[in-house]
Amino acid sequence: MGQRDVLEIPWASTLRAENHDSPNMLLYARLLEFAVESGYRRFDFGRSTPHEGTFAFKQQWGGQTLAAPWGLLSQTGDRLAGAEPEEPEA
């Protein structure tokens, strides 16, 4: 999905049986190539939990990690207690 100068991929997956061919590497390489060719200035890899596999995969591409706080609001705009996921163990 693209908007203004940002292209993002909110979710991607491959078949586990095909991981020996590293399809995610090809997928992301092509997405980054497409982003450059299309004039996007930033690529958003999507949300990941630090120290998890998806976070490590995305870090290897040299991106900048930015905090993306969780939160839910009610229909009236009040913050809902307990809406944030638990922090993973370090």
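Is His51 buried or exposed? His51 is exposed, with a relative accessible area of 75%, where exposed means over 50%, buried under 20% and partly exposed in between (1.4 Å probe, protein chains only). Here are some further notes on the structure, point by point.

1. **Ground rules.** You are looking at a predicted model, in which local features need pLDDT of at least 70 and side-chain atom pairs count only at pLDDT 80 or more, while totals for chains, interfaces and linings use all residues. Residues are numbered from 1 along each chain as its sequence is written, and side-chain values use heavy atoms, with hydrogens and water left out.

2. **Overall layout.** The chain holds two helices and three strands, and from the N terminus on its elements run β-β-α-β-α. Helices (H or I, at least four residues) and strands (E, at least two) are DSSP runs, numbered from the N terminus. Of the 90 residues, 14% count as buried. The accessible surface comes to about 7,700 Å², with 53% of it belonging to carbon and sulfur atoms; these areas come from the Shrake-Rupley method with a 1.4 Å probe, and for residues only the protein chains shown count as cover. Among contacts (heavy atoms within 4.5 Å) with a separation of 6 or more, 42% are between residues 24 or more positions apart.

3. **The core.** Eight residues make up the largest nonpolar core: Leu7, Ile9, Tyr28, Leu31, Ala35, Phe43, Phe45 and Phe57. The largest share of this core, three residues, comes from α1. By nonpolar core I mean a set of buried Ala, Val, Leu, Ile, Met, Phe, Trp, Tyr and Cys residues joined through side-chain atoms within 4.5 Å.

4. **Helix α1.** Have a look along this helix. Its buried residues are Tyr28, Leu31 and Ala35. They sit on the same side of α1 because they cover an arc of only 60° around the axis, the arc being that of the directions from the helix axis to the C-beta atoms. These buried residues pack against β2, β3 (42-44) and α2 (53-59). On the face turned away from the buried side you will find the exposed residues Leu26, Val36 and Glu37.

5. **Helix length, and what follows.** The 15 residues of α1 should span 21 Å at 1.5 Å a residue, and the end C-alpha atoms are 21 Å apart, so the two agree. The expected span is 1.5 Å times one less than the number of residues. Just after α1, Gly39 takes a positive phi of about 90°.

6. **Ser48 and Lys58.** This pair deserves a look. Ser48 is found in the loop between β3 and α2, while Lys58 lies in helix α2. Ser48 is buried because its relative accessible area is 18%, and Lys58 is buried too, at 15%. They are 10 residues apart along the chain, and their C-alpha atoms are separated by 8.5 Å. A polar contact of 2.9 Å joins their side chains. Such a contact is a pair of N or O atoms within 3.5 Å; within protein, one must be able to donate a hydrogen and the other to accept it, and residues adjacent in sequence count only if both atoms are side-chain atoms.

7. **Around that pair.** The side chain of Ser48 also makes a polar contact of 3.5 Å with the side chain of Thr54. Leaving aside neighbours within four places in sequence, Ser48 is in contact with Thr54, Phe55 and Lys58.

8. Thr14 is found in the loop between β2 (6-8) and α1 (23-37), and counts as partly exposed because its relative accessibility is 26%. Its side chain is joined to that of Asn19 by a polar contact of 2.9 Å. Not counting residues up to four places away in sequence, Thr14 touches Asn19, Pro23 and Asn24. Thr14 and Asn24 are 10 residues apart in sequence and 6.9 Å apart in space, C-alpha to C-alpha.

9. **Backbone angles to check.** Most residues other than glycine have a negative phi. Ser22 has a positive phi of about 55° although it is not a glycine; Ser22 lies in the loop between β2 and α1 and is partly exposed, at 39% relative accessibility. His51, from the opening question, has a positive phi of about 75° and is found in the loop between β3 and α2.
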